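Trainee: I would like to learn how to read helix packing, sheet order and a ligand shell. Could we start with the helices?

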Amino acid sequence: MNDLKGKKAVITGGNSGIGFATAKKFAELGAQVMITGRSADKVSSAAESLSVTGAVADVQDLSQIDNLVDQIKREFGTIDILFVNAGIFAPAPIGQISEEMFDQQMGINFKGAIFTIEKLLPVLNEGASIINLSSINAYTGMPMTAVYAASKAALNAYTRTAATELAPRKIRVNAVNPGPTETPIFEKTGMSQDELGGFAQALQANIPLKRFAQPDEIASLVSYLASDDAAFVTGAEFNIDGGANINPILAG
Ligand SMILES: NC(=O)c1ccc[n+]([C@@H]2O[C@H](COP(=O)([O-])OP(=O)(O)OC[C@H]3O[C@@H](n4cnc5c(N)ncnc54)[C@H](OP(=O)(O)O)[C@@H]3O)[C@@H](O)[C@H]2O)c1
């Protein structure tokens, strides 16, 4: 089931959270894995702990993505799986959206994702699988997330067109929309521990299954989409959110 033996995979933002858990799962399923990230220290310690290959590439800097492509050619030749996962969450209410926050969030979550795919296209094998890590925020009106939500909605729109255009190469392109998932992404917002605790409680109250996802639960879905078991799945989106996107007015 979800066998990845003989497949070569690149995971952006693989030193932490969902990317890290997916790298672990891909390797367990037999894939040869390269993880990327923007910090040399974090990438090398994560790569070492997983026994996978590390590559430093900030997706906001297109020349660093070019360097990543060179490294892929040197060390892997071509690849079968591209997990476009790198992303940030920078909440801000409407009225306090700065240009810097807009550029950074759209630059990493949307532009960074698109140019990762654009530049890695030449090293993708026929029949490859691209998985774009989006969010259920693409469909919610959650306060403070206007720009984050827009960056993910844009990625989902891109995913549909990419699936059509890349079908002649038998390349499948799908999007995964997680709900709240227990990763370091929330601590990186600069919220205090008290604020984070209150935020988590408020979110969980509205999730029918009453908890956050674990990163390895997202990794299991991504592994399915990466595998030949999903050979007829393309242009699709998968919510993995404990039922949050049902929009229950009362969550029970
Ligand atoms: N956690 C959730 O609740 C949740 C829900 C829905 C969707 N998502 C999405 O899931 C993806 C993974 O997030 P996560 O929750 O696993 O968070 P995370 O633990 O913070 O991991 C994000 C990864 O992306 C990397 N990254 C950030 N900016 C980058 C850049 N410019 N270039 C290259 N790598 C970069 C991070 O590197 P650093 O360690 O250097 O920051 C880290 O390795 C994101 O796209 C996020 O939007 C998360």
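Mentor: A crossing is called right-handed if the near helix is turned clockwise from the far one by less than a right angle, and left-handed if anticlockwise. This is a predicted model, and in it α3 passes α4 in a right-handed crossing.

Trainee: At what angle do the axes of α3 and α4 cross?

Mentor: They cross at roughly 40° and come within 10 Å. On the α3 side the contact is made by Leu 62, Ile 65, Asp 66 and Val 69, and on the α4 side by Phe 115, Thr 116, Lys 119 and Leu 120. By class, 5 of these residues are nonpolar, 1 is polar and 2 are charged.

Trainee: What is the strand order of the open sheet?

Mentor: Its 7 strands run β3-β2-β1-β4-β5-β6-β7, with parallel pairing. β3 and β7 are at the edges with a single partner strand each, so one side of each has no neighbour in the sheet. Neighbouring strands are turned by 20° against each other on average, direction ignored.

Trainee: Which strands does α4 touch?

Mentor: α4 packs on the sheet against β1, β4 and β5, and its direction makes about 170° with that of β4.

Trainee: Which helix gives the most to the shell around the ligand?

Mentor: α1 does, with 3 residues; α1 and α4 each supply at least two. Of the 30 residues around the ligand, those that come nearest are Gly 13, Gly 17, Gly 87, Thr 183 and Ile 185. The shell divides into 11 nonpolar, 15 polar and 4 charged residues, with Gly counted as polar.

Definitions and conventions
Residues are numbered from 1 along each chain as its sequence is written. This is a predicted model: local features need pLDDT of at least 70, side-chain atom pairs count only at pLDDT 80 or more; totals for chains, interfaces and linings use all residues. A residue is near a molecule or strand if its C-beta atom, placed from the backbone, lies within 6 Å of it. Helices (H or I, at least four residues) and strands (E, at least two) are DSSP runs, numbered from the N terminus. Axes are lines fitted to C-alpha atoms, for helices over the stretch in contact, and angles run from 0 to 180 degrees between N-to-C directions. Two residues are in contact if their C-beta atoms, placed from the backbone, lie within 7 Å. Two strands pair if DSSP finds at least two bridges between them.
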